[in-house]
Amino acid sequence: MASSTTKHSVIVVGAGVAGLTATHRLLERGFDVTLIEADDFVGGKLGAHQGPDDGAVEAAASAVQVCEYCKSEGHCLKRQDWHEHCYHMYLNWYHNFWELMEEIGVLSRFVPMPSFYNVQKSEAAPTDLRAISVVNMGSPWTQLRNLFAGVGTPTDMFLWGQALADLIGEPARRGDWLEKTSITGFMKSRPYVTNKALAGTYRTTAQAFALPSYLSSARSYKALLSYGLRLPEPSMWLLSGCTQDAIFTPWLKQLARLASNLSVPVHEFYTPGPALQAALKERHDGGPGPGGTLVIKMLTELRKLKIDDDSGRITQLELAHCRSSPTVRRNPDEQDHTDPIEHLPVDGSVILALPLTALCSLITPAIAQWAPHLPNVHYLRTEPMISAELYFKRKLHGLPSGVAVFLDSRYEMSFLDISQAWKDSPGDRTVLNVVASNADVLKCYDEPDIIRLMLDELSHYLKFDRNDLFDCRTHVDTNVGEALFVNQVGSWDWRPGATCGCPNLYIAGDYCQTFIDVVTIESATVSGLMAAEALRRQVRVPRPIRILYPDQFPVRGMSAYAAAQRPFSYVAYAASSIDEAIKARYRQWFPNG
């Protein structure tokens, strides 16, 4: 048995939410941690980054017409902008994430947002924007209000809610069937569901899963609904600043306080940025912490794992330095790293907290021999998502303060006015983060075409003049190298667990099998905790890692509610069908209205 005083070491590859969570908990328990990150920023898909070096920014700015305002400032304002891949929503049931945020001391940076907005499409030029708000979806106190909010007819909204109640009321013993059934398949099996009632599900899955509902797992959707319905107020929380300032700089400073020693090696392409400089200063000013040592290697990419054929243990990591952040590059095939220049011996264990595509590239036949389930990750599906940050020279009035969905959008677009959400934003100008969840077509185009097409679609919903845009600050972000894992039908059996057949190799990421199931910030957090706890148990270190489970709405209670409402559903279905038949006949007789 390993002694509790034995010093243990671990290499965590990937400084996203899962990797930072594992690092945090293991550092607390005395592990010496080496954290390796290919980008020059931490946070992964939740992270924020600025543009490249000044010369690169000026070169990029010269490709478009730099506005007179930037010329008067003497430089392109894009240099100071923080870019996130998309806006982020934080839900009430993210218990493990909230616990970490409380420890870090940043809970005050989150702002409650009770409303979720919907914006109707206008084929002609839109006039005044009318955002339809849905308040605390799932709360019994707002149910009647939301029914008549205007997103759909009250009958169709009622039928949509009835179908969701039927899904949540499905017993646990049917979980395997639900995993192999699509959301559309389940909804269509309800005899009272109309096509317009299904539209609510299409919108939800496009935003939550970035996947059509006919490909999304009904079990994962049930999990999302069950967790949210248990804690419906407020609908979500938004961050009052960019994640770099509000989450990850404080998190790195907390890790520095925990570590007995912190080092951040530099190399020819990297010197520590503001976040890590703040962490180094925290360590210097505070003295040694109670945890193990922490080494953070940035712009360092894992290229290959070396495995001992006899024991199955990972013995060495082959690393390469990157010239720039791989997940920011537009072209994922672009070679922007050095040849392997470091072979890092593995004295302890390795946690791979990498994007799914990066994990797939590391699985060799030798690793598959010891971890035969791991190659199944190649079956998992990822989807692109594209966001555009639009900086306006003036204030666009009447925009909602929360997340707004564009109804019937070709690219399933939504937006957040971050000039209202971020407290440090200028009050006289609007900044929008516009997300295209259906980006399969857009991803094939060059950035100017992506911007043009997204602006064309945006013009059907918002009234704005394109001359009001800072063209030189418009930023397009694709999830290059970090395409989103999606909860596709039947994908559960292919997802990896925290452990695999290699004795000292652990896996973390939102695509891993966890009790959360649905891909969220919380699932990434839980996967990091589960990998850290599996390692702690393996080496027999004291102090189990606490992992919190979300509450779910009682299945029997929801099943009883759905059964009681079902007779009314058939009445509503009949009313909706008659109404649609009358409208169809009217359109036939009077095609011009």
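Q: Why is valine 13 called buried in this predicted model?
A: Valine 13 has a relative accessibility of 2%, and buried means under 20% relative accessible area, exposed over 50% and partly exposed in between, with a 1.4 Å probe and protein chains only, so valine 13 counts as buried.
The model is predicted, so local features need pLDDT of at least 70 and side-chain atom pairs count only at pLDDT 80 or more, while totals for chains, interfaces and linings use all residues. Residues are numbered from 1 along each chain as its sequence is written, and side-chain values use heavy atoms, with hydrogens and water left out.

Q: What does valine 13 touch, not counting residues up to four places away in sequence?
A: With contact taken as heavy atoms within 4.5 Å, valine 13, which lies in strand 1 (residues 9–13), touches Ile36, Leu302, Leu317, Val350, Ile351, Leu352, Ala353 and Leu354.

Q: What makes strand 19 (residues 431–436) largely enclosed by the rest of the structure?
A: Strands are DSSP runs (E, at least two residues), numbered from the N terminus, and six of the six residues of strand 19 are buried, so this strand is largely enclosed. Val431, Asn433 and Val435 point one way, Leu432, Val434 and Ala436 point the other way, and all are buried.

Q: How do you know that strand 18 (residues 413–417) and strand 19 pair?
A: Pairing requires that DSSP finds at least two bridges between two strands; strands 18 and 19 have five, in the antiparallel sense, and phenylalanine 415 stands opposite valine 434. Strand 16 (residues 386–391) also runs antiparallel to strand 19, joined by six bridges, with tyrosine 391 opposite valine 431.

Definitions and conventions:
Helix = DSSP H or I, 4+ residues; strand = E, 2+ residues; numbered from the N terminus.
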